[in-house]
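Subject: Structure for you to look at

Hello,

Here is the structure I said I would pass on. Please open it beside this message and follow along.

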Amino acid sequence: MAKEGVEKAEETEQMIEKEAGKEPAEGGGGGSHRLGDAQEMRAVVLAGFGGLNKLRVTRKAMPEPQDGELKIRVKACGLNFIDLMVRQGNIDNPPKTPLVPGFECSGIVEALGDSVKGYEIGDRVMAFVNYNAWAEVVCTPVEFVYKIPDDMSYSEAAAFPMNFVTAYMMLFEVANLREGMSVLVHSAGGGVGQAVAQLCSTIPNVTVFGTASSFKHEAIKDSMTHLFDRNADYVQEVKRISAEGVDIVLDCLCGDNTGKGLSLLKPLGTYILYGSSNMVTGETKSFFSFAKSWWQVEKVNPIKLYEENKVIAGFSLLNLLFKQGRAGLIRGVVDKLIGLYNQKKIKPVVDSLWALEEVRMMFLTQQIISF
């Protein structure tokens, strides 16, 4: 991510840490309110799929933990590209609206459901949530919750799970990154792109090629071995440096970049699609943009893959967690990542923090919501 707005981030982070140490207000902690016998909380609600005007901050009944769940007083939550796609309805089988968006957050454990072990009220945690993260309080199953290292801030923790787990899984579980290999990552200035760069730096002699919008280059140039403008002919630029191409391509764009990525793979190389941002070109869903990007995707011939010794794969962290039951695998990855964090080898990059009421503006920058 770019470094602009760092002073604002530091100021807001101090505010968050200060608030975390306050005693709960009379009638309910952390900004909750009572209506009759029911407690309420603030939450961002998506009233319908479409533009920014579909988002509003409102009050909702506060959830209580069910068996196997933790109740978390949210201190910060992240905005990812998948949230933009959800807002526009650009996902398979979108849920019904109105809904509370958001898939990751950090905060303090406020209550424990029955059968929950390993956590106590007051623990600092980060968590995956199957929607509903953009609220003052969330409840989520214990298998999706992880304790935060002592020196990790809430804002860093909110930027950690989605970005670093996605990057780690693709590099090490899918593509088997090893010493001396080369990686091409699109949207290198984004959260996953920066996590990829940091994780690649933990392996000796890995070459990282990145594409990004030109205005992000100054902020991320030191994290990449070679950096190209996303609108340039990066295929020729990569081949000029590495005639054989690269070992791993990480593509969150789709469209015509699929064919370009496959053409750059070395024998035994792996192309991984983990997004389709080229299908999102405006504030609202565009059938034309979707159709154009889909038409530009190169049709994959399995015989050609066999002849050229190339691997093509896809990766969706949310499906792996919430639909395919791999929470145990993800916990092992989070443990490894926290180990790297404690060794000072990786660190989440937070550009800026925004208040809950600034959610519409925040959507234009894809940053962190603070409470």
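Which backbone nitrogen lies 2.7 Å from a polar atom of the side chain of Glu136? The nitrogen belongs to Arg42. This distance is within the limit for a polar contact (a pair of N or O atoms within 3.5 Å; within protein, one must be able to donate a hydrogen and the other to accept it, and residues adjacent in sequence count only if both atoms are side-chain atoms). Glu136 sits in the loop between β6 (124–128) and β7 (137–141). Glu136 counts as buried, at 5% relative accessibility.

Some background before the rest. This is a predicted model, in which local features need pLDDT of at least 70 and side-chain atom pairs count only at pLDDT 80 or more, while totals for chains, interfaces and linings use all residues. Residues are numbered from 1 along each chain as its sequence is written, and side-chain values use heavy atoms, with hydrogens and water left out.

The whole chain

The chain has 371 residues, of which 53% are buried. Buried means under 20% relative accessible area, exposed means over 50%, and partly exposed is in between (1.4 Å probe, protein chains only). The secondary structure comes to 13 helices and 16 strands; these are DSSP runs, numbered from the N terminus, with helices being H or I of at least four residues and strands being E of at least two. Of the contacts with a separation of 6 or more, 69% are between residues 24 or more positions apart. A contact means heavy atoms within 4.5 Å.

Helix α4

Helix α4 covers residues 161–174, and eleven of its 14 residues are buried, so it is largely enclosed by the rest of the structure. Among the buried ones are Pro161, Phe164, Tyr168 and Leu171. The axes of α4 and helix α12 (residues 327–342) come within 10 Å and cross at roughly 100°. The axes are lines fitted to C-alpha atoms, for helices over the stretch in contact, and angles run from 0 to 180 degrees between N-to-C directions. On the α4 side, the contact is made by Phe164, Val165, Tyr168, Met169 and Glu173. On the α12 side, Leu329, Ile330, Val333, Val334, Lys336 and Leu337 take part.

Asn176 comes after α4, in the loop between α4 and β9. Its phi is positive, about 55°, although Asn176 is not a glycine. Asn176 counts as partly exposed, at 43% relative accessibility.

Helix α8

Six of the eight residues of α8 (residues 257–264) are buried, so this helix is also largely enclosed by the rest of the structure. The buried residues are Asn257, Thr258, Gly259, Gly261, Leu262 and Leu264. Their cover includes β9 (182–185), α7 (234–241), β12 (246–251), β13 (265–273) and β14 (311–314).

Other places to look

- Ser187 has a positive phi near 50°, lies in the loop between β9 and α5 (191–200), and is partly exposed at 28% relative accessible area.
- Thr97 and Pro98 are joined by a cis peptide bond, with omega about 5°; Pro98 is in the loop between α2 (81–88) and β5 (104–112).
- His217 lies in helix α6 (residues 217–220) and is buried, with a relative accessible area of 19%. Not counting residues up to four places away in sequence, His217 touches Ala212, Leu227, Phe228 and Asp229.

Regards
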